[in-house]
Amino acid sequence: MKINISREVLLRMYEKLVLCRRCEEKICELFSQGRISGWIHTGMGQEATGVAIGECLQKDDYLTPSHRARSVMIAKGMAVKYLMAEIFGKKTGVCKGIGGEVHLADPELSILGAGGIVGSQIPVAAGLAYAARMDNKGQVVVCDFGEGGTSRGAFHEGVNMAAVMNLPIIFVCENNLYAEFSPIAVEMKIKDVYKRADAYGIPGVGVDGNDMLAVYNAMQEAVTRARSGQGPTLIEAKTYRWHGHYEGDGCKYRPAGELEFWQKKDPVPLYQEKLKKMKIINQQKIDQVEEKVRDTIEKALQFTLESPFATRQEIAEYVYA
């Protein structure tokens, strides 16, 4: 089903797409300079899927993201300055500096946090969907995960429960071809994750994850189904992570030429060219967006650097024995 998209939404998604890409670039740059402690798991190259997902959600719709899904959180409304502050461990971060890069959450935006264990958010999302159905306020849940998560028992349990109970949830698999360091062929015999939906009796949809409009159309249809009581959908968005599992990963497991092949499918210029052909943007607008995004990120960094770190006492406040 092709959905009509307004000029306003098309432009807003473009700005968010550029913001997400430049944000990932800045975070990776800061990490390489030794200014961020811990780990960074970047979703660079996958931003189109996240932006399209976030654009389809209302503020009170629940989101359980994956550990590299900053794009969907920004698209749903998470401010870059609070996100960046959290990654730096600052008290002004979305989790007061104690969640860190992997465990980003914002209850005010109904973003209930990524888990440190692959696939762990899937049954949590099913529980949220059950609660949403009980509340009967028209909320939906989006659960975002990588293809590695579909090889875990939590995936079967969560999707099966959602299917049997006809819950208002959209499962989105961002298939970037690698689960940590393992190519997809090592994990599963099938080539298309969305075909697993057949086993649960729910719709399965496969889309090009670097084509933001394709993801948006699939998401809107799935959200409409869920919100109207027709149950869950499994969407597989095939994409590619440009960097390794973590920053510093040498990616020796990738075949020669694979990265270059996927970089030609960069979602940013692809979407940019689509909007040019539609006469939605021109070079002047592109430059304006880049300037606006650059200003947002610089202000976010300044806010972060001026913010205090969480103290040892504050870090331990929510830890219990």
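Strand β1 (residues 62–64) pairs with β2 in the parallel sense over 3 bridges, where strands are DSSP runs of E with at least two residues and helices are runs of H or I with at least four, numbered from the N terminus, and two strands pair if DSSP finds at least two bridges between them. This is a predicted model, in which local features need pLDDT of at least 70, side-chain atom pairs count only at pLDDT 80 or more, and totals for chains, interfaces and linings use all residues. Residues are numbered from 1 along each chain as its sequence is written, and side-chain values use heavy atoms, with hydrogens and water left out.

Of the 6 residues of β2, 5 are buried, that is, under 20% relative accessible area with a 1.4 Å probe and protein chains only.

The largest pocket holds about 280 Å³ of space; a pocket is an open set of points on a 1 Å grid over the protein atoms alone, where a 1.4 Å probe fits, with protein on both sides within 12 Å along at least five of seven lines, and lining residues have an atom within 4 Å of a point. Among its 23 lining residues, His67, Arg68, Val118, Phe145 and Gly146 are the closest to the centre, and β2 gives the largest share of the lining, 3 residues.

Key:
Points joined across faces, edges and corners; volume = space filled by probe spheres on them. Buried < 20%, exposed > 50% of the residue type's maximum accessible area, 1.4 Å probe, protein only.
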